[in-house]
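Open the model in your viewer and keep the sequence panel at hand. We will go from stop to stop, selecting as we go.

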Amino acid sequence: MVIRSISLIRVHFQKFKKIQKMEKDFAITKCICFDTTFEEMKKIMKENDLKSLEELREVKTVAANCKLCVPYILKMIETGETKFNIILDN
Ligand code: FES
């Protein structure tokens, strides 16, 4: 019984590790249309003391095509996060 429990724990741990790797591999990290990472945007905003997406757009062209990155940029501005493993929408 103990050996079976340890085996089950091991299997669940391995699945958990695979999920963690998948999340890392599929993280949303940039505005694809303008090939600019959220990390780069965050740096630009800090260097120029920018507070909003509109101000960022005046300095760097981002989020001006499909706009799928907009909710992520807004979340980046709000939280400072630059990698997202969840789907965000407006
Ligand atoms: S991903 Fe940013 S405008 Fe398309």
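Helices here are DSSP runs of H or I with at least four residues, numbered from the N terminus. This is a predicted model, in which local features need pLDDT of at least 70, side-chain atom pairs count only at pLDDT 80 or more, and totals for chains, interfaces and linings use all residues. Residue numbers start from 1 along each chain as its sequence is written.

Step back into α4, residues 70–79. Which of its residues are buried? Select Y72, I73 and M76. Buried means 20 or more other C-beta atoms within 10 Å of the residue's own; exposed means 12 or fewer, and partly exposed lies in between, with C-beta atoms placed from the backbone. The three sit on the same side of α4 because they cover an arc of only 100 degrees around the axis, taken from the directions from the helix axis to the C-beta atoms. Turn to the other side of α4: E78 and T79 are exposed there.

Now show α2 (38–47) and α3 (53–59); the buried residues of α4 pack against them.

Next, select the largest nonpolar core: C31, F38, M41, M45, L56, V62, A63, C69, Y72, I73 and M76, 11 residues in all. Such a core is a set of buried Ala, Val, Leu, Ile, Met, Phe, Trp, Tyr and Cys residues joined through C-beta atoms within 7 Å. Both α2 and α4 supply at least two of its residues.

Last stop: I9, in helix α1 (residues 2–25). I9 counts as exposed because it has 10 C-beta neighbours inside 10 Å.

Key:
Two residues are in contact if their C-beta atoms, placed from the backbone, lie within 7 Å.
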